[in-house]
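Hi,

Here is the structure I promised to pass on. Have a look at it first, and then read on for what turned up.

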Amino acid sequence: MMNKCSLCFSDSFDPYYNLGLEALLLETVKENECILYLWQNQRTVVIGRNQNAWQELKVEQLNKEEGHVARRYSGGGAVFQDLGNLNFTFLVHESVYDVDKQLSVILKALAKLGIHGEKNGRNDLTVENRKFSGNAYYKKHQQCYHHGTLLVNANMDDLSRYLNVSEEKLQSKGVASVRSRVVNLCEFQPSLTVEKLKEKLVEAYMDVYGGYSLIEPKQLDQQRLDELKTQFASWDWLYGRSIQFDHQLKRRFSWGSVDLQLHVDKGLIQSLNCYSDAMDQDFILALKKQLLGCRYTEVDMCSAVPIHAAADEVKELIHDSFWRD
């Protein structure tokens, strides 16, 4: 039986802080308690726990444009988030975990706005068969959460630019996203804002769960929150997980061809083959030696290219592999 309902808002748009706060709420949620957590991220692609960042999005482009790559605890696919998107999380003990009840809060909030939403399969919420919300789930010990996105007026051009990555020549063992036709809720209610949706969600939460008490983030364990934020922002968490993939970089230059076949694991080039018909085989051997063990990023790989007359062209090949269409 539910005997305590709580509501928590984040006033930060930092995805690492917000994911850290979500994790802290999961650690502290009590038996027979439900917490509804509402939060927003600024220009972020959040990938699932076992996904390959480079397979899912244009990592270099997002970082260059002051966006964020984030990885959550839960599984599922990659999602683009900006301030036109609202995130929700229901955090509960497994004894009172009820996805249908939790989703009824979302659907009831939409109904208050004159929008008829539906549950579609296990992970999606739709309006007129178009997806406006993707959901994912996580359990640790007896604590569970169910979270999702709510597209209100997100920038769809950015969504397409960052997520549409060609898989050509990049073969990953990570879990790939299934692309769906998505829609902003403002297409059905043009005057809708994130704040208005948030207001209706709170009303619906009261209708379904019968009231709430407010959790102020500043009242929580700030040291633990800082630790979790640091974890979510770390290289090891974002890129260093053991998700193996192979990537081929191949091009013919005036001085000969280069065919780099990389095997990447934990974000590092663990092994590679380097084939070339170039006359200067010392350069090719040095290139192979310098790239081995290198982080799989444009900056690190370009920095590892040995000084040589052909170095700029090889760096261009590396650059193009990260900025592929």
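A quick definition before the first find: a patch here is made of residues with over 30% relative accessible area and no salt bridge, and nonpolar side chains are joined within 5 Å. One nonpolar surface patch of about 270 Å² is made by Met206, Tyr212 and Leu214. Leu214 sits in strand S12 (residues 213-215) and is partly exposed, at 44% relative accessibility.

Keep in mind that this is a predicted model. The protein chain has 11 helices and 15 strands, and 54% of its 325 residues are buried.

Now for the charges. Side chains of opposite charge can pair when their charged atoms come close. How many salt bridges are there in the whole structure? A search finds 17.

- Arg130 and Glu187 meet in a salt bridge at 3.3 Å, N to O. Arg130 lies in strand S9 and Glu187 in the loop between strand S11 and helix H6, so the pair ties together parts that are 57 residues apart in sequence. Arg130 is buried, at 18% relative accessibility.
- Arg161 pairs with Asp158, with the closest N and O atoms 3.0 Å apart. They are three residues apart in helix H5, about one helical turn. Arg161 is partly exposed at 32%, whereas Asp158 is buried at 10%.
- Glu203 pairs with Lys200, the closest N and O atoms being 3.6 Å apart. Both lie in helix H6, three residues apart. Salt bridges with shared partners join Lys112, Lys196, Glu199, Lys200, Glu203 and Asp207 into one network.

Cheers

How values were computed
Residues numbered from 1 in each chain as written. Predicted model: local features only at pLDDT ≥ 70, side-chain atom pairs only at ≥ 80, totals over all residues. Heavy atoms only, no water. Helix = DSSP H or I, 4+ residues; strand = E, 2+ residues; numbered from the N terminus. Buried < 20%, exposed > 50% of the residue type's maximum accessible area, 1.4 Å probe, protein only. Patch = residues over 30% accessible without salt bridge, like charges linked within 9 Å, V, L, I, M, F, W, Y side chains within 5 Å. Areas by Shrake-Rupley, 256 points an atom, 1.4 Å probe, with all protein chains shown as cover. Salt bridge = Lys/Arg side-chain N within 4 Å of Asp/Glu carboxyl O.
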